[in-house]
Amino acid sequence: LINLDKNADEVQFLLFGMEKEKMRLFSSWKKPLKGESLDISYILNSDINKNGIMEMIPIFKEKESGFINRWYILEVSQNKIKEVLGEGLKGYNIGELRITEDGRIMKKSVSYDEAGEAVSYTKAYFAIEDGKYSYKASEGPFKYYGISKEETDTLLKKISAEEGVPYEIISSIAYIESRGQQFVWGEPVISFDGGIGIMQVTPMNGSITIQYTGETFGPENIERMKTDAEFDIRVGAKILYDKWLSSFGGALPKVSDMNPDVLENWYFAVMAYNGYSKVNMPGSSWKGAYQERVFNNIKGFNKEYFTADKISAHGFDSDGLPARGKIYELGDKLSVRQTTGYELNAGDEAAVKVEGSKLRNSPNLSSDGVITKLAAGERVRILEDGGLSSGYRWYKVRLLDKETAGYIAGVLLKKD
């Protein structure tokens, strides 16, 4: 049992066991927390010493910087917790600490420039042999890649508007897939099954094909997705839109009138983004299926339409999945419509958030309706609500320093 006292200034590891049909405390280990936090996610179970005994590594982080500043190796043996090794770090420059597959301890040190931006990292490997902790090897330095949450959100809004997929949905997918992370401590996020980056785009046989455009992304593009967050999000958006269109060809069920402004209508497209398979069949508890986790992350989504009973009432195909080609009528009690962005009113001033945002002559994504491209920070005045179209809330605006007027998607504006 890992326990923090009520003031969160001390951590205890407690080992309990059964003896004569009663539970009792066999052993404990404790350390003070002084301006630090215990990183629970990095408590690792591993046989570091290769002695058949379980070891744990509690990691302490400096609260303000988030860097590791001390860590310990504990052994659990013969009903006792024993501290094998402890290391206090100076400079708080350890970005990550983990155990490699061969049992070595890998520590990642990060280097910064004068502006405080991470520029590179080095991996150093250590091992415990014959009871001694010793340096073994190092790798690097490697380029440190990073992107902030704000930059990621701006990209999600920009690309959702350009590719025609709802921001609420694509941003929720990004959170469920990777917690919105393209990199972790300077390295691209790549899952055990090869999913890459924020959108966890997974190549099949070394490539990705988008049916509706005929685009094929080969090895060079796949390498690019690892370090180019915008490209990774764009490919993910294309895949999602491809799944959306597949309902019209009968490869997936349709939902109601398939109006893209209605989030519920994207249900089966989201399911197919992860896999149109039985593992993603909705259950009565509304927890396990991929699309349920995505929609459950969107505030106000109405779950009542996609219960197991209601889906089964529409029938299943030969694979036991929701029937392809069927139309799931939802009625008119939809919980969420596309109102992405700030709720702006006539007379409000706003600033353009994304460089190159398009001012259009009508409130839709028509490629031949672009009046001009706007610079980030350019200011506009709201003239009127442009309504819902192509999955977005639109506003008619006028540029403050010009007489030019047109329509822009709300996700691209920030209220002044």
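Helices (H or I, at least four residues) and strands (E, at least two) are DSSP runs, numbered from the N terminus. With that in hand, let us walk through some local features.

This is a predicted model, where local features need pLDDT of at least 70, side-chain atom pairs count only at pLDDT 80 or more, and totals for chains, interfaces and linings use all residues. Residues are numbered from 1 along each chain as its sequence is written, and side-chain values use heavy atoms, with hydrogens and water left out.

Glu 117 sits in the loop between strand S11 (105–112) and strand S12 (118–129). Its relative accessible area is 52%, so it counts as exposed (over 50%; buried is under 20% and partly exposed lies in between, with a 1.4 Å probe and protein chains only). Glu 117 also belongs to a negative surface patch, together with Asp 113, Glu 114, Glu 150 and Glu 151.

Now for the backbone. Gly 140 and Pro 141 are joined by a cis peptide bond, with omega at about 10 degrees; Pro 141 lies in strand S13 (residues 132–143).

Ser 256 is in the loop between strand S18 (254–255) and helix H5 (267–274), and Met 258 is also found in the loop between S18 and H5. Here are their values:

| Residue | Phi | Relative accessible area |
|---|---|---|
| Ser 256 | near 50 degrees | 18%, buried |
| Met 258 | about 60 degrees | 5%, buried |

How values were computed. Patches are made of residues with over 30% relative accessible area and no salt bridge: like charges are joined within 9 Å, nonpolar side chains (Val, Leu, Ile, Met, Phe, Trp, Tyr) within 5 Å. Accessible areas come from the Shrake-Rupley method with a 1.4 Å probe; for residues, only the protein chains shown count as cover. A salt bridge is a side-chain nitrogen of Lys or Arg within 4 Å of a carboxyl oxygen of Asp or Glu. Lys and Arg count as positive and Asp and Glu as negative; His and the chain ends are not counted. The place of a charge is taken as NZ of Lys, CZ of Arg, CG of Asp or CD of Glu.
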